[in-house]
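This report concerns a single protein chain. Please examine the sequence and coordinates before reading on.

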Amino acid sequence: QQVRLAEDYQSGLLEAGSLRQLGPDWVFGRLWQTMGLQTILNDLLKTRRFLPLFVTQFLGAFNDNFFKNAFVILLTFKSDPILGFTPSQMVALTGGIFILPFFLFSAQAGQLADRFEKTQIIHWVKFAEVLMMVIATFGFLQHNLYLLLTVVFLLGTHSTVFGPIKYSILPQHLSDNEIVG
């Protein structure tokens, strides 16, 4: 009965709500297997055309979050006002500074991704990310909040530029049946 319900769902005869009786673990696991997504994902992660993109994206996101969280922890545990702001205000300001480049540079980042060779831009963006982390290390060692806030802004700019490139390069490296959505 469960297999028939999953087949009826795939063919459009059932609505998603009807599958609740099967339980979410079974439904998603079964649909994942019947659609072949598990095989595609496993195969993709083993290829040279996708694995470097995946690792680059993962490490970039990890790097951004690790730095931001370390900086927020530094700000939070300073009890005295920083640059005229309380620590909680500085945490909010840090998030705003990180998001600001998305508002300022999104259109230009999309044009950059369309106009120039994507792999070359990725190389330059990732090289800049390494330089930003060197500057951040120096900022942490010197307890220089101005420098660390500048790195927050630069990391936001890095993410703004890298975002359109990472999505626009996928169709060049993957076949139609490997792209979900």
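**Confidence.** The model is predicted. Across the chain the mean pLDDT is 78, and 67% of the residues reach a score of at least 70. Where pLDDT is low, the predicted coordinates should not be read in detail.

**The salt bridge.** One salt bridge is found when the whole structure is searched. Its partners are the side chains of K126 and E129, with an N to O distance of 2.9 Å. Both residues belong to helix α6 (residues 118-142), where they stand three residues apart, about one turn of the helix. K126 counts as buried because its relative accessibility of 16% is under the 20% cut-off. E129 is likewise buried, with a relative accessible area of 7%.

**A polar contact of S159.** S159 is part of helix α7, which spans residues 145-173. The side chain of S159 forms a polar contact with the side chain of D64 at 2.7 Å. When residues up to four places away in sequence are left out, S159 touches D64, F98 and F102. At a relative accessible area of 17%, S159 is under 20% and therefore classed as buried.

**A nonpolar surface patch.** L51, F54, V55, F58, L59, F62 and F66 make up a nonpolar patch on the surface, and their accessible area together is about 690 Å². One of these residues, L59, lies in helix α4, residues 51-76. The relative accessible area of L59 is 46%, which falls between the 20% and 50% limits, so L59 is partly exposed.

**A loop residue.** T86 is located in the loop between α4 and α5, the latter covering residues 87-115. Its relative accessibility of 35% places T86 in the partly exposed class. T86 and L75 are separated by eleven residues in sequence, and their C-alpha atoms are 9.1 Å apart in space.

The table collects the accessibility values of the individual residues discussed above.

| Residue | Relative accessible area | Class |
|---|---|---|
| K126 | 16% | buried |
| E129 | 7% | buried |
| S159 | 17% | buried |
| T86 | 35% | partly exposed |
| L59 | 46% | partly exposed |

Conventions: Residues numbered from 1 in each chain as written. Predicted model: local features only at pLDDT ≥ 70, side-chain atom pairs only at ≥ 80, totals over all residues. Heavy atoms only, no water. Patch = residues over 30% accessible without salt bridge, like charges linked within 9 Å, V, L, I, M, F, W, Y side chains within 5 Å. Areas by Shrake-Rupley, 256 points an atom, 1.4 Å probe, with all protein chains shown as cover. Salt bridge = Lys/Arg side-chain N within 4 Å of Asp/Glu carboxyl O. Helix = DSSP H or I, 4+ residues; strand = E, 2+ residues; numbered from the N terminus. Buried < 20%, exposed > 50% of the residue type's maximum accessible area, 1.4 Å probe, protein only. Polar contact = N/O pair within 3.5 Å; in protein donor to acceptor, adjacent residues only side chain to side chain. Contact = heavy atoms within 4.5 Å. pLDDT = per-residue confidence, 0-100.
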